Amino acid sequence: MDVTEYLNRIHYQGSLEPNIETLHQLHYCHLLTVPFENFSIHLNQPINLNLEALYHKIVQQHRGGFCYELNSLFSWLLQQLGFKVTLLSAQVAREEGDFGREFGHLTLRVQDRDFWLADVGFGDSFLYPLKFESSTEQIQNGETYQLINNQNNWIFYHKKEGNYQPKYCFTLTPRNLTDFQTTCEYNQTSPQSIFTQRRICTKPTLEGRVTLSDNRLIITQNGQRQEHIIDTEAEYHKILQDYFGINLDLSFKHQFS
């Protein structure tokens, strides 16, 4: 890994000391520059959990990715800078009220003087790492989050409209990146996977969030939401370049017929 190249990719120019201040700023810069996206799945580009290949895609080709890609690569950067990082398996909350399959999400525990939950691969989520303190309300940019230690599990909650909504649960069992390969393949190929059902590209902005959901551009600024339907492939690719810095060589032409 070329650490300088990675830091330039995420527009980071701060301290490289392995402390919580550096972790906070790296996490924030990563989220604001590297989108959560699943285009490889819809372009029939297999995603293999190889760090060098992910580095080439995300850093050198200026792409994004989903959790297995973004968090594993971010963990590699953190380790290069001297942080102690553990890969964790999480189960994503479902509308039915339970949680999905093991290894459905890859998240990170980072050790400083304390322990922190870091996650640059969950779409609309916290901008800065969350401290491992059970039941403590952690407020960022007007959003409230909470971690609950429930016997052997931890559950991550996001407060919406006054109610805490579970987002995923996880244990602190250390995992290897290869442990996630089978579920990563499932999420690329199964008709039941949300990643095969629609295209998504999203990242936070200084004022809110910008999202491409199939052919809809959704921009939220200071709490105000605007939605625009994209009619042509040319417009789609221009939006990708202008808002996300992504230049795809391959075509989604069949999606605009």
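## Close-up views of a predicted model

**View 1. Strands β12 and β13 pair in an open sheet of the predicted model.** Strand β12 (residues 216-221) runs antiparallel to β13, and six bridges join the two. Thr220 has Arg225 in β13 as its bridge partner. The sheet has five strands in the order β1-β10-β11-β12-β13, with antiparallel pairing. At its edges stand β1 (36-37) and β13 (224-229); each has a single partner strand, so one side of each is left without a neighbour in the sheet.

**View 2. The largest cavity holds about 50 Å³ of space.** The count of cavities of 30 Å³ or more comes to one. Its lining includes Leu31, Val34, Pro35, Phe36, Val120 and Gly123, together with Thr202, Lys203, Pro204 and Arg209. Strand β10 (residues 200-204) gives the most to this lining, with three residues. By class, six of the lining residues are nonpolar, two are polar and two are charged.

**View 3. Helix α5 is mostly covered.** Of its 14 residues, 12 are buried. Among them are Tyr68, Leu70, Leu73, Phe74, Trp76 and Leu77, but also Glu69, Asn71 and Ser72. At 1.5 Å a residue, helix α5 (residues 67-80) should span 20 Å, and its end C-alpha atoms are 20 Å apart, which agrees. Gly82, with a positive phi near 105°, follows α5.

**View 4. Lys159 and Glu137 form a salt bridge.** The distance from N to O is 3.6 Å. The pair links distant parts of the chain, as Lys159 lies in strand β8 (residues 153-160) and Glu137 in strand β6 (residues 137-140), 22 residues apart. Lys159 is partly exposed, with a relative accessible area of 28%. Glu137 is also partly exposed, at 42%.

View 5. Asp242 is partly exposed at 49% relative accessibility, whereas Lys238 is exposed at 52%. The cut-off for exposed is over 50%, so the two residues carry these two labels. Elsewhere, salt bridges that share partners join Asp114, Lys131 and Glu133 into one network.

**View 6. Arg94 and Asp98 form a salt bridge.** Their closest N and O atoms are 2.6 Å apart. Arg94 is partly exposed at 45% relative accessibility, and Asp98 is partly exposed at 32%. A search of the whole structure finds 10 salt bridges.

How values were computed. Residues are numbered from 1 along each chain as its sequence is written. This is a predicted model: local features need pLDDT of at least 70, side-chain atom pairs count only at pLDDT 80 or more; totals for chains, interfaces and linings use all residues. Side-chain values use heavy atoms; hydrogens and water are left out. On a 1 Å grid over the protein atoms alone, a cavity is a set of points where a 1.4 Å probe fits but cannot get out, and a pocket is an open set with protein on both sides within 12 Å along at least five of seven lines; lining residues have an atom within 4 Å of a point. Grid points are joined across faces, edges and corners, and a volume is the space filled by probe spheres set on the points. Helices (H or I, at least four residues) and strands (E, at least two) are DSSP runs, numbered from the N terminus. Ala, Val, Leu, Ile, Met, Phe, Trp, Tyr, Cys and Pro count as nonpolar, Asp, Glu, Lys and Arg as charged, and the others, Gly among them, as polar. Two strands pair if DSSP finds at least two bridges between them. The expected span of a helix is 1.5 Å times one less than its number of residues. Buried means under 20% relative accessible area, exposed over 50%, partly exposed in between (1.4 Å probe, protein chains only). A salt bridge is a side-chain nitrogen of Lys or Arg within 4 Å of a carboxyl oxygen of Asp or Glu.
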